[in-house]
Amino acid sequence: MYTKKDLIRIAKRENNTKRNYLVVNPLQGKHIPVRPGKALALFSTLSGVLQDKYYKEKLLLIGFAETATAIGVQVAIDLNALYIQTTRESLKCVEYLFFSEEHSHAAEQKLVRNDIDIIIKDIDRIIFIEDEVTTGKTILNIIKVLKNEYNTELKFAVASLVNGMAIKYQDIYNKENIGLHYLVKTDNSQYIKTAGLFAGDGIYIPCCTKKTRDYNVFKASGFIDTRRLTSAGKYKKACENLWKQVYQYTRDINNKNILVAGTEEFMYPAIFIGKKLEELGNNVRTHSTTRSPVTASIEEDYPLHERYELKSLYDKDRVTYIYNIDVYDEVIIVTDSHNSGEEGINSLVNALKLKNKNILLVRWC
């Protein structure tokens, strides 16, 4: 079982008056590089908490973008459930259900309504998957939208790695009969003060979109988008097929130090490929780019020491970041960005090039 020491580091959000701190999980594979096997083991431990709770019910799992998308996929795979994630991206030819994430720097969240319309009458319960729940307001917002739109007797539950809800918020969930499941319970009352103590004197690398050809590109087939409804079993098979293609392209890689990096909401395939590379005897780390503007600071107990500013691979006008880049023998970027994303690719490769030479971009789209 995990403890607060295992799963919680406090970082300072940049210019966020709604909430000045961010709970950074060192095992999650988002902000901090982690062994992919450790990340997947953590996610499956959350699956275990749910394993015997709702096994007689037809479940739909919804993972929250951007930080809980990989968690949601693994839990859905373990439970053999239907899965869809929320998103902040724009998809073609779909309608959305909109709701807000009140504390976030990017507050608007969406679900593809077309898919919910199809499945809503055939399921018994929706389980929302999160990395960390503080007040639960975001989930209440989406539940309100679903109830208003569908007038359904659907049941709800929440599963998160960390739960920091105060008693008053837990009481609301209890009254609404919304199940709460988690690995670690925390008291968030001191996090505002803790975040305020950090100096923010880390290393900040500005965005560089200078054109570069110092990377190779491989385009893989068989893409499935978890922003649309899918069965977890089908998605797992697609990820296995993705790995087979990457393996055929890279050939035998062993005894190497490797980074496998995801992009924003697209986390799970990077972690999955990283785990497969681990099984071949490599020393692998994985983390992803993010929209989260978090302060970098040099204190030893602070989680993020270096911040690299990027252009998004999905939208050249969006600023994104990657933290704590290290030195590796090989770097594999895995993305589902459909557009060319040239400025975004250049900025990410230029950031990685500061410490690394061998870079492969895998496009799965």
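**Exercise 1. Work out whether Gly233 is buried or exposed, or something in between.**

Step 1: locate the residue. Gly233 sits in helix H8; helices here are DSSP runs of H or I with at least four residues, strands are E runs with at least two, and both are numbered from the N terminus.

Step 2: apply the cut-offs. Buried means under 20% relative accessible area, exposed means over 50%, and partly exposed is in between, with a 1.4 Å probe and protein chains only. Gly233 has 31% relative accessibility, so it counts as partly exposed.

Step 3: Gly233 and Gln190 are 43 residues apart along the chain, and their C-alpha atoms are separated by 41 Å.

A quick note on the ground rules: this is a predicted model, where local features need pLDDT of at least 70, side-chain atom pairs count only at pLDDT 80 or more, and totals for chains, interfaces and linings use all residues. Residues are numbered from 1 along each chain as its sequence is written, and side-chain values use heavy atoms, with hydrogens and water left out.

**Exercise 2. Check the length of H8 and find out where its buried residues point.**

Step 1: compare spans. The expected span is 1.5 Å times one less than the number of residues. H8 covers residues 232–250, 19 residues in total, and runs 27 Å from its first C-alpha to its last, close to the expected 27 Å.

Step 2: list the buried set. In H8 these are Ala232, Tyr235, Ala238, Cys239, Leu242, Trp243, Gln245 and Val246. Looking down the axis of H8, they fall within an arc of 165° (taken from the directions from the helix axis to the C-beta atoms), so they line one face of the helix.

Step 3: look at the other side. There, Lys234, Lys237 and Lys244 of H8 are exposed.

Step 4: find the cover. The elements over the buried residues of H8 include helix H3 (69–79), strand S11 (216–220) and helix H9 (268–279).

Step 5: leave the helix. Arg251 follows H8, and its phi is positive, near 60°.

**Exercise 3. Describe how H8 packs on H9.**

Step 1: get the geometry. The angle between H8 and H9 is about 55°, and their axes are 10 Å apart; axes are lines fitted to C-alpha atoms, for helices over the stretch in contact, and angles run from 0 to 180 degrees between N-to-C directions.

Step 2: classify it. Under 35 degrees is roughly parallel, over 145 roughly antiparallel, 65 to 115 roughly perpendicular, and the rest oblique. H8 and H9 are therefore oblique to each other.

Step 3: name the contact, meaning heavy atoms within 4.5 Å. H8 brings Tyr235, Cys239, Glu240, Leu242, Trp243 and Val246, while H9 brings Tyr268, Pro269, Phe272, Ile273, Lys276 and Leu277.

Step 4: ask how enclosed H9 is. Nine of its 12 residues are buried, so H9 is largely enclosed by the rest of the structure. Among them are Ala270, Ile271 and Gly274.

Step 5: check what comes next. Just after H9, Gly281 has a positive phi of about 100°.
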